[in-house]
Amino acid sequence: MRVVVQNDKNRSIRGLRIRGGIAVLAVAAIASGCSQATGSKARPAPGQQPLLAPPARALDFYATKLRASAAARAAAAKRWGLAKVPLTPPAPPAKKPRITTRKGFEVDGHAERGLPPVFTTVPTERKIVFLTIDDGAEKDPAFLRMMTELKIPYTAFLSDYLVKEDYAYFKRMQDQGVGLNNHTLQHPFMRGLSYARQKREICGMQDVIEKRYGKRPVLFRPPFGSYDANTLRAAQACGITHAPLWNEEVFVDRWEYREWDRDIHPGDIVLSHFRGKEHWKGTMPDMIRRFLDKITAKGYAVARLEDYL
């Protein structure tokens with residue numbers, strides 16, 4: 001029989017202690033598992049927290065996108081020399097306003113024939129204006145960059161004798177969401193021309209726009225704002241639904257006004273032209289700078305005309 005010595009006793013005691021410690025740890029682990037089962041969850045390690053719920057993630061992404069867009073617009077405004085960042089227009093109305101011919105702008109039988117309305121302002125109480133640019137003489141790449149970077153909507157009214165020099169320029173414009181509309185083939189003074197001649201001018205331009213840009217427009221602006229009953233009858237026969245004119249005109253160096261108060265109003269249509277230094281004392285970006293600085297200072301935003309018609 002082996003005799004137990006002191007060292008053996010010590011080893012036995014240490015073994016009991018180790019086994020006891022393991023048992024305690026096992027009990028703690030079981031207790032931890034039980035507590036998790038009953039709903040008391042341990043905090044995840046850093047970097048392993050669960051993702052936000054989908055709606056929260058979507059809102060966070062949208063807010064981030066808005067901040068980035070606002071920052072880009074502010075940088076563009078500074079780059080193009082604007083006094084302030086242009087205001088963002090409200091969302092288009094769910095129900096479009098009813099457009100009627102401005103009093104005094106009617107032709108004989110206008111209402112009875114259901115001819116396209118001739119108007120200078122869109123009925124709205126919102127502080128918005130609509131920028132429209134006519135003919136197509138100047139084809140300035142800087143203008144396209146400026147409008148794209150600032151995200152300013154506008155509507156173009158084109159005449160083929162000028163546009164045909166560079167159809168691709170206006171295709172780039174269309175690709176940025178700009179509506180390309182009818183301003184006749186040759187830009188004649190329409191009032192007094194025969195119905196057949198006026199129809200050739202308007203329907204001919206409809207054909208050009210459809211061939212080059214894939215869609216027949218429904219907006220027509222008579223050159224010089226000159227029209228008669230034959231103009232509107234021909235426009236209607238060519239598929240035109242609206243004939244917008246303008247309430248103000250902006251140039252590089254000045255504004256001109258139709259109203260006695262010489263001011264802008266909610267829903268006003270503003271006219272300008274595709275012109276450069278050959279015709280103006282400046283460039284199209286210079287004209288846009290004058291336009292935006294004025295309307296922004298007065299608390300107006302630029303909206304897209306087609307969204308309200």
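**Helix 7 and its neighbours**

I started with what helix 7 packs against. In this predicted model, its buried residues pack against strand 3 (155–158) and strand 4 (179–182), and also against helix 5 (160–163), helix 6 (167–175) and helix 8 (229–237). Next I looked up which residues of helix 7 are buried. I found Gln198, Glu201, Ile202, Cys203, Gly204, Met205, Gln206, Val208, Ile209 and Tyr213. I kept a general point beside that list: with 3.6 residues a turn, residues three or four places apart in an α-helix point the same way.

Then I checked the length. Helix 7 runs over residues 195–213, which is 19 residues, and at 1.5 Å a residue it should span 27 Å. I got 26 Å between its end C-alpha atoms, which agrees.

**Helix 4 against helix 6**

Helix 6 turned up above as a partner of helix 7, and I found that it also packs with helix 4 (residues 141–150). I looked up two things here, since two packed helices are described by the angle between their axes and the distance between the axes. For helix 4 and helix 6 the angle is about 5° and the axes are 11 Å apart. Angles under 35 degrees count as roughly parallel, so helix 4 and helix 6 are roughly parallel to each other.

Which residues make the contact? From helix 4 I wrote down Pro141, Phe143 and Leu144, and from helix 6 Tyr169, Arg172 and Met173. Sorted by class, this contact has five nonpolar residues, one charged residue and no polar ones.

**Ile128**

I picked Ile128 next, which lies in strand 2 (residues 128–135). Is Ile128 buried or exposed? Its relative accessible area is 0%, and buried means under 20%, so Ile128 is buried.

I then asked what Ile128 touches, leaving aside neighbours within four places in sequence. My list for Ile128 has Pro90, then His265, Pro266, Gly267 and Asp268, then Tyr300, Ala301, Ala303 and Tyr308. I also looked at Leu87: it is 41 residues from Ile128 in sequence, and their C-alpha atoms are 9.5 Å apart in space.

**The whole protein**

Last, I stepped back. I counted nine helices and nine strands. Of the 309 residues, 42% count as buried. Among contacts with a separation of 6 or more, 70% come from residues 24 or more positions apart. The protein exposes about 17400 Å², and carbon and sulfur atoms supply 56% of that area.

Methods:
Residues numbered from 1 in each chain as written. Predicted model: local features only at pLDDT ≥ 70, side-chain atom pairs only at ≥ 80, totals over all residues. Heavy atoms only, no water. Helix = DSSP H or I, 4+ residues; strand = E, 2+ residues; numbered from the N terminus. Expected span 1.5 Å × (residues − 1). Buried < 20%, exposed > 50% of the residue type's maximum accessible area, 1.4 Å probe, protein only. Contact = heavy atoms within 4.5 Å. Axes fitted to C-alpha atoms, helices over the stretch in contact; angles between N-to-C directions. Parallel < 35°, antiparallel > 145°, perpendicular 65-115°, else oblique. Nonpolar A, V, L, I, M, F, W, Y, C, P; charged D, E, K, R; others polar. Areas by Shrake-Rupley, 256 points an atom, 1.4 Å probe, with all protein chains shown as cover.
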